[in-house]
Amino acid sequence: MIYLDSAATSFYRPPVVARAVAEAMNSMGNCSRGTHREALTGARIIFETRQLLAELFHAPGPQQVAFTANSTESLNMAVKGLIDPGDRVVTTVLEHNSVLRPLYEMEKRGAVLTIVGCEKDPSNGISRKGRLDMIAMEKAITPGTKAVVMTHASNLTGNCQDLAQVGEWCRRAGALFIVDASQTAGLFPIDMGRDQIDVLCFTGHKGLMGPQGTGGICLGTGVNIRPLLSGGSGIMTFEKQHPSQMPTALEAGTLNGHGIAGLRAALLYIKEQGMEHLRKREQQLMRRFYEQALEIPDIRIYGDFSQKDRAAIVSLNLGEEDSAQVSDYLSEEYDIATRSGGHCAPLMHEALKTVEQGAVRFSFSHFNTEEQIDEAIDALKHF
């Protein structure tokens, strides 16, 4: 099997990740629920993982890192915990439904939502490259804006956004900057201080190569979120209110300690291998695929490939063929795994004019090989 769907979830993982999960299941108690050896083992592993994440993202400290099940949970926490009726919020057409749907909910409750579009080809009104309209973005972030919620990289086109520039506009307007790093965490340098990020949401099962069911949210200094959940915390048992200090404030109930142990192992692997090395390898494979795909007749490729650094994603269509049929053909005839359809990115498909057709997305891991890339291109040529 050739797995080219890493933007959905990592399939190829460092072997140390599975070993760490297995070891944790046989040695790890419940963090903050006792002082016996097993509970303390859990507490140590979880704290070390917070430290690694705080270092990776340049968060204010490990206490500002709370664990969640995925980016969706983190983004719901951020949106529903910071935005009130009457607040003005800015987002973009690049967003995944994990951003859009919570925002639509808040819009129904009275928030005012502005969605910034993409640059368009003046001849046909189509945004084939899917580039965010940065002029419109700057104009949208005005004083009185409560928050800007934006992805670092589109899960459909792979285009990366200039976090530092948008962060500067947010700070100038007094707006909170909430970033969805689902496609970039573990592969692209993110500095919460430099980029003036107030809330960073990430998942553990993509570029971080951790188990599914892991993720987190990092808060800047002075950012306080209304908890989405309340309940057991292991501390302050006799208080009626859930503890307000981080990270306990956002971590009601038992954490996915076994998954977090796997995430810790993945983070140590990334640190050992070097994030830049892993990213460049993925981008080399992406470029190899993209340059060969350009030679296929009647192919349409979406995204801005003039970007030096972009997520290792190539989304395309073959003429007017339904994307699901192409993806099924690749799977059934060549055992190649891709993703077709809408990719939970409805507004991006509207901008690309691919709502009916969808798109076939190829996304790459540094574990892929040049031979696999060439086989995938050969398969497309034979459709």
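Lys and Arg count as positive here, and Asp and Glu as negative; His and the chain ends are left out. On that basis, the mean positions of the 37 positive and 45 negative charges of the protein chain lie 6 Å apart. The model is predicted. The protein chain holds eleven helices and twelve strands. Its radius of gyration is 21 Å, close to the 21 Å that the globule rule gives for 383 residues, so the chain is as compact as a globular protein of that length.

**Overall dimensions and packing**

- The C-alpha trace of the protein chain spans about 70 × 50 × 30 Å along its principal axes.
- Of the 383 residues, 57% count as buried.
- Take the contacts between residues at least 6 apart in sequence: 69% of them join residues at least 24 apart.

**Surface**

- The protein chain exposes about 16,200 Å².
- Carbon and sulfur atoms supply 50% of that area.

**Asn317: placement**

- Asn317 sits in strand E10, which covers residues 313-318.
- The relative accessible area of Asn317 is 1%. Buried means under 20%, so Asn317 is buried.

**Asn317: polar partners and neighbours**

- The side chain of Asn317 makes a polar contact with the side chain of Tyr302 at 2.9 Å.
- The Asn317 side chain also reaches the backbone oxygen of Gly358, at 2.8 Å.
- Leaving aside residues up to four places away in sequence, Asn317 touches Asp298, Ile299, Arg300, Tyr302, Ser323, Thr354, Gln357, Gly358, Ala359 and Val360.

Technical notes
Residues numbered from 1 in each chain as written. Predicted model: local features only at pLDDT ≥ 70, side-chain atom pairs only at ≥ 80, totals over all residues. Heavy atoms only, no water. Helix = DSSP H or I, 4+ residues; strand = E, 2+ residues; numbered from the N terminus. Rg over C-alpha atoms; globule rule 2.2 N^0.38 Å. Buried < 20%, exposed > 50% of the residue type's maximum accessible area, 1.4 Å probe, protein only. Contact = heavy atoms within 4.5 Å. Areas by Shrake-Rupley, 256 points an atom, 1.4 Å probe, with all protein chains shown as cover. Charge placed at Lys NZ, Arg CZ, Asp CG, Glu CD. Polar contact = N/O pair within 3.5 Å; in protein donor to acceptor, adjacent residues only side chain to side chain.
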